[in-house]
Amino acid sequence: MPPAKKKVVRKKKAASKKKVVRRKPAAAKKRSKSSRKGFPWFKWLVGLMLLAMLVVGGYSLYLSQVVRVKFEGKRWAIPARVYARPLELYVGADITPSRLQAELQALGYRKVRKVSSVAQWSQSGSRFTFHTRDFLFWDGSEPARKVSLRIKGSTVSALRDATSGKPLDVLRLEPPEIGSIYPSHKEDRVLVRRDELPDHLVAALLAAEDREYFHHHGINFYSIARALMANVKAGRTVQGGSTLTQQLAKNFFLTPERSLWRKANEALMAIILDARYGKDEILEAYANEVFLGQDGDRAIHGFGLAAYYYFNRPLNELNLTETALLVGLLKGASYYNPRSHPDRALKRRNLVLQLMADQGFIDQETADKAMKQPLGVGRKGRLSNARHPAFIDLVRRQLQRDYQEEDLTSEGLRIFTTLDPWAQQQLDEQISSGLADLEKRKKFPTGTLQAAMVLVSPQGGEIRALSGGRDAGFAGFNRALDAVRPIGSLIKPVIYLLALSRPDEYSLVTLLEDEPVRLKDAKGRVWAPKNYDKQAHGLVPLHLALAKSYNLATVHLGLALGVKNVVSLLHGMGVQRKLSPLPSLLLGAVSLSPVEVAQFYQVFAAGGFRSPLRAIREIVDADGQPLQRYPLQVAQVAEPGPVYLLNRNLVEVMRAGTGRGIRRYLPESLEVAGKTGTTDELRDSWFAGFSGDWLAVAWVGRDDNKPAGLTGSAGALVLWGRVMKALKPQPLGLLPPEDIVYIWVDPQTGYLSAEHCEGAIAMPFIRGSEPQLRSDCLGEVQRGGNFFDRLFD
Amino acid sequence: MKTRMFYRFVAILFLLGFLGGCASTSLPERGRPAGSVPPESRVPPPESRSGRYQPPEVTAYREPVTPKYTRPEPARAVQALVKRAEDQRASGQLVAAAASLERALRIEPKNAVLWNRLAHVRFEQKQFSLASSLAAKSNAFAGADQSLRADNNRLISRARR
């Protein structure tokens, strides 16, 4: 959306021109007045004065320009805020009481006995009552309302408006904020307007920092003199005489230098500020500018963000005590940091409260009561303040395709993403405990293994969670996007789908040759792949070749289908990377990132329909006006029939093939589909699979690319199983398309068989591709009558 | 008394013979003549490296539970969102209608009717290829809902025109 950005810049330029033009006539007037006088000594004096005035005037003009640029520039640079998905609540929604509690806490709602105001919740047994905040969504606002909700087991069984008692159809909670995209100077802030500054904040500011604020002209000589006296008396600096305006001016400099020249400059700038802008405007800028804490590499600026950072609530919801704490931080945000130095912070807060009482902003009784309150600063909870660097990185990359960096870090955009914080939490926990477990089993030192994982909604292609490595809080190498590794057998389902898409040539029981292969490339190098068990299995049915991940059968099949056709199907399924159609591609000599793998597995999970993976749903500007939507896109790339056959085969992988290990995590009744992948010398362990509601791709390996000693089923499947178990997935629930028929066949030969024949299995076929040859068992039935023919016709 | 015992004995013998006759005639009809060898045992059983017999590893495909082909009752929330989308569509707010339907689809991603409604909205927005794919997707979840299928197929053929 560059147009929006350009408009703002243009506005700024226009404003600057106007102001510069206005100043010129004023200076000219001064010059014409002073040139009228007659005496030579007087002329000299006037000349000198004129020179001095010119110098001072010129310098003021320069400072004035600095003030203008800083003051107006600062007010515009608001980082984009990134939100997780909003939680939708409705009768029938799957949610446990503990998860709802976590969601409410993440939004900064406070638990109370009886809900009386906004952002509070209470619980009695399975019944929750909470008062939501209003929130402006992309498609309109969700009003604040008091809600009563009942959970039975792990489903919402009743949802009502607590005030009217009427049932609610669907309730969208405000989305939790998960981060912001701040510029390279790492300043983050949430803009607050003057009218959003609570009165007790203004009172505390005046009491603690500048009691004459509304009466002076930028500097306060009385308070400077008083501070000077106090400092002389004490023999060191104990008191500052700076006004709020001076403090704001001080922030215009990027270095913390302390000199008389700097002080004079600040004073001059304060006077200019006061003359040019209104008290309220300056107060607003001050409230948004001041430094109030450090969060890793992010600097917390302004009261709006500080309220979220320390209390996880908007500024207008803070009480007197909490506000006094924030004002106390102005003296030194790290020295009085309430998280690391609670004693100092408490003392400082109480001093602010006492000053407020002394100056009559509050009565002594209120102050005493407030002083007895605990600090109330929230821990940096996992759901609430945990930032999701890997996911934010993905969002940022998607944004950078459409927006300029500057728009993202200064325009105050609000970005609504697809992140499910609860799923992300499960992912982070399982990856860190799962890897520790694998290392213990393999007797590796801690930290040897790395992992990456992607969780996607199968039908919509929304990325719901993303893990870029074992340390979820570390914003470094994002393996989910950047660990581009050979995918091994993960590619096989593409080859088998291509085969099954030719039902007149292939069905699940077509016999494939699992025999040795020797191929020479253009340079004469021999390629002779082997099966994992180093054996050739002779003629094997197609479904078994995939379930057991036989390499030789797959190479024969892929060569018969044409490697180029496999490549073009992969591209159709959303792989954008350039791929060379070499035979080794058939065994996964293709390097892709976990997110790219998730893209093409999404096609299987969605029954042949590709939806480009998305991390962003909507973007609105600072005023809540919609800028852009990333809608659900769907393109059919494979027929439902062949995809159904393939998915049944991927279920067999999990039931009887290389994915059997899943039984340690999920019950057999819960049907899931998936495929393992292992690369040469066990360097990469992959698993990609899906249930009815989740598609997940997991990779385990080492950053130094040394062998990790894990097959797909010994490594990635373990993480996949752990995560899936934690997510409590829905079964696959595959719907056979209309052209699918189930036929009894002999599994060894693929011939037609019957239910009573020993070992016969029911197999799906695309109508018309059923086997023609009859097994012996069925042949004998034939003599007695064509009962089975009638049954299957 | 003795003659009565004799008649009883003859009657039991007759009955047993009758039952035996039934049994022997019924077996060939069921296709498994007595004494014939089951086909599987004609091939030597697979042997593992330890030399012991191992049952075949192939696990049978179980016929999946056939899902009910009646249009399922959607959740109240979905009904409300569909109604909202319908109102938005009627007042020409097609983008908002699509957004409401996508929201409903997040709740019930396998609801064929929702995919069909979204296909219609996209068609109205003249996004024909997307509309056609969405209608095909609706068919994939429609089961035996013939009226919905017919509507989807009409939409697909109109979109391809």
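Modeller: A polar contact is a pair of N or O atoms within 3.5 Å; within protein, one must be able to donate a hydrogen and the other to accept it, and residues adjacent in sequence count only if both atoms are side-chain atoms. This is a predicted model, in which local features need pLDDT of at least 70 and side-chain atom pairs pLDDT 80 or more, while totals for chains, interfaces and linings use all residues. Residues are numbered from 1 along each chain, chains are lettered from A in the order written, and side-chain values use heavy atoms, without hydrogens or water.

Colleague: What reaches the backbone nitrogen of A:Trp422 at the start of H15(A)?

Modeller: A side-chain oxygen of A:Asp420 comes within 3.0 Å of that nitrogen, so the distance meets the polar-contact limit.

Colleague: Why is the pair A:Cys757 and A:Cys777 called a disulfide?

Modeller: The sulfur atoms must lie within 2.5 Å. In this pair the S to S distance is 1.7 Å, so it qualifies. The S-S torsion is about -75 degrees, which means that the disulfide is left-handed. A:Cys757 sits in the loop between strands S31 (740-745) and S32 (761-766) of chain A, and A:Cys777, 20 residues away, in helix H24 (776-784) of chain A. Over all chains, the search finds one disulfide.

Colleague: How do you know that A:Glu738 and B:Arg149 form a salt bridge?

Modeller: The rule asks for a side-chain nitrogen of Lys or Arg within 4 Å of a carboxyl oxygen of Asp or Glu. Here N to O is 3.5 Å, so the pair passes. Between chain B and chain A there are five salt bridges, and eleven residue pairs in polar contact (both at pLDDT 80 or more).

Colleague: Which elements of chain B touch chain A?

Modeller: Helices H2 (76-90), H3 (94-107), H4 (112-124), H5 (128-142) and H6 (146-160) of chain B each give two or more residues.

How values were computed:
Helix = DSSP H or I, 4+ residues; strand = E, 2+ residues; numbered from the N terminus.
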